[in-house]
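Here are some quick notes to read alongside the model. Take them in order, with the structure open next to you.

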Amino acid sequence: MKIYTKTGDQGQTGLFTGERVPKDSVRVEAYGLVDEADSALGMARAIAINPEVKATIYDLQKLLWSLMADIASIGGQARITTEQVQQVEALIDKFDSQLPPLTSFLVPGDTASSAALDIARTVTRRAERQLWRLARQEELSGEGLVFLNRLSDLCFVLARIEINSK
């Protein structure tokens, strides 16, 4: 099987549910940015020093695949629901309870892994903004917007965990 299909050579791409849309549509941009967040998390996982952070990031990446499928689908059953948002909130609370209170702003870059998580956080925020653009134009299913908001918070907390793991 060849990796290229030539079906997108005229500026169209296929959604998960089969519809053809322009490659520069707000929807394609939204799931493309979630894909970027997934890749940024992959880099963070590759260089993370805390094994629990590595495992958490891997699980988050799998959830992002579900979110991309939700965004690349029109209609249908949502894969990202309140349950997944609550899982991320529980992770935020768990890791945050291991950290001292913040007393100042943090400048990214204390460790390579925390810097990678800061990049993942900012890419996730960008994906969230794009998903809001899409939500203002089209109906979305699921809790993707809330999920991305919580994910960026979790990236921040995980970056602090990585700093404290050095």
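At what angle do the axes of helix α3 (residues 82-96) and α5 cross, and within what distance do they come?

1. They cross at roughly 20° and come within 9 Å. Axes here are lines fitted to C-alpha atoms, for helices over the stretch in contact, and angles run from 0 to 180 degrees between N-to-C directions. That makes α3 roughly parallel to α5, since angles under 35 degrees count as roughly parallel, over 145 as roughly antiparallel, 65 to 115 as roughly perpendicular and the rest as oblique. Helices (H or I, at least four residues) and strands (E, at least two) are DSSP runs, numbered from the N terminus.

2. Before going on, note that this is a predicted model, where local features need pLDDT of at least 70, side-chain atom pairs count only at pLDDT 80 or more, and totals for chains, interfaces and linings use all residues. Residues are numbered from 1 along each chain as its sequence is written, and side-chain values use heavy atoms, with hydrogens and water left out.

3. Back to that pair: among the α3 residues that meet α5 are Val85, Val88, Leu91 and Phe95, and the α5 side includes Phe147, Leu151 and Leu154. Contact means heavy atoms within 4.5 Å. By class, the α3 contact with α5 has twelve nonpolar, one polar and five charged residues. Ala, Val, Leu, Ile, Met, Phe, Trp, Tyr, Cys and Pro count as nonpolar, Asp, Glu, Lys and Arg as charged, and the others, Gly among them, as polar.

4. Now look at α1. Tyr31, Leu33 and Leu41 are among its buried residues (buried means under 20% relative accessible area, exposed over 50%, partly exposed in between, with a 1.4 Å probe and protein chains only). The cover over the buried residues of α1 includes β1 (12-14), β2 (20-22), α2 (51-71), α4 (112-137) and α5 (144-165).

5. α1 packs against α2 at about 170°, with the axes 9 Å apart, so the two are roughly antiparallel. Their contact has 16 nonpolar, two polar and six charged residues.

6. Two residues of α4 are worth a click. Serine 114 sits in that helix and is buried, at 1% relative accessible area. Arginine 126, also in α4, is partly exposed at 33%. Leaving aside neighbours within four places in sequence, arginine 126 is in contact with Leu33 and Glu36, while serine 114 is in contact with Ala159, Glu162 and Ile163.
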